[in-house]
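Let's take a walk through this structure together, looking at how its side chains meet. Please have the model open as you read.

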Amino acid sequence: MLNSPKNRLKDHQAYLTEMILEGSGDNYLGADAVAKWYRRNLRIFANTYDFTDFESEERLLLIYGSGHVWQLRQLFMDSPDFEYVELNEYLKK
């Protein structure tokens with residue numbers, strides 16, 4: 001249930017409609033917290049390149065919490081070096 005696209009979108013939207021609104025004026029407390037979250041996901045994505053041997057590996061399985069999935073999915077889908085496979089679809093087979 002937590003891994004459904006609807007719930008993943010809801011998790012992601014919380015960053016954009018709740019967390020980011022914290023603070024006011026010159027105090028970007030919420031925006032800075034969201035930026036750190038995006039930075040964390042970008043680092044996960046970059047680290048994936050570091051440990052992936054594209055010459056010999058056919059598949060790669062990453063397991064992260066549902067809060068990470070929305071951003072990581074977008075990064076892997078946009079990358080020309082990876083073919084993203086939706087886990088829910090794979091598990092149905």
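How many aromatic pairs does the structure hold? In this predicted model, there are 8 aromatic pairs.

Now let's turn to the charged side chains, where the structure holds 3 salt bridges. One of them joins Glu-86 to Arg-8, with 2.7 Å from N to O. Glu-86 sits in the loop between helix 3 (66-78) and helix 4 (87-92), while Arg-8 belongs to helix 1 (residues 5-17), so this contact ties together parts that are 78 residues apart in sequence. Both Glu-86 and Arg-8 are buried.

Stay with Glu-86 for a moment, as this residue also forms a salt bridge with Arg-73, and here the closest N and O atoms are 3.5 Å apart. Arg-73 lies in helix 3, 13 residues from Glu-86. Glu-86 has 15% relative accessibility and therefore counts as buried, whereas Arg-73 is partly exposed, with a relative accessible area of 24%. Through shared partners, salt bridges join Arg-8, Arg-73 and Glu-86 into one network.

Finally, have a look at Glu-58 and Arg-59, which form a salt bridge with their closest N and O atoms 3.4 Å apart. Is Glu-58 buried or exposed? Glu-58 is exposed, at a relative accessible area of 67%, and Arg-59 also counts as exposed, at 65% relative accessibility.

Definitions and conventions:
Residues are numbered from 1 along each chain as its sequence is written. This is a predicted model: local features need pLDDT of at least 70, side-chain atom pairs count only at pLDDT 80 or more; totals for chains, interfaces and linings use all residues. Side-chain values use heavy atoms; hydrogens and water are left out. Rings of Phe, Tyr and Trp (its six-membered ring) pair if their centres lie within 6.5 Å; planes under 30 degrees apart count as stacked, over 60 as edge-to-face and the rest as tilted. A salt bridge is a side-chain nitrogen of Lys or Arg within 4 Å of a carboxyl oxygen of Asp or Glu. Helices (H or I, at least four residues) and strands (E, at least two) are DSSP runs, numbered from the N terminus. Buried means under 20% relative accessible area, exposed over 50%, partly exposed in between (1.4 Å probe, protein chains only).
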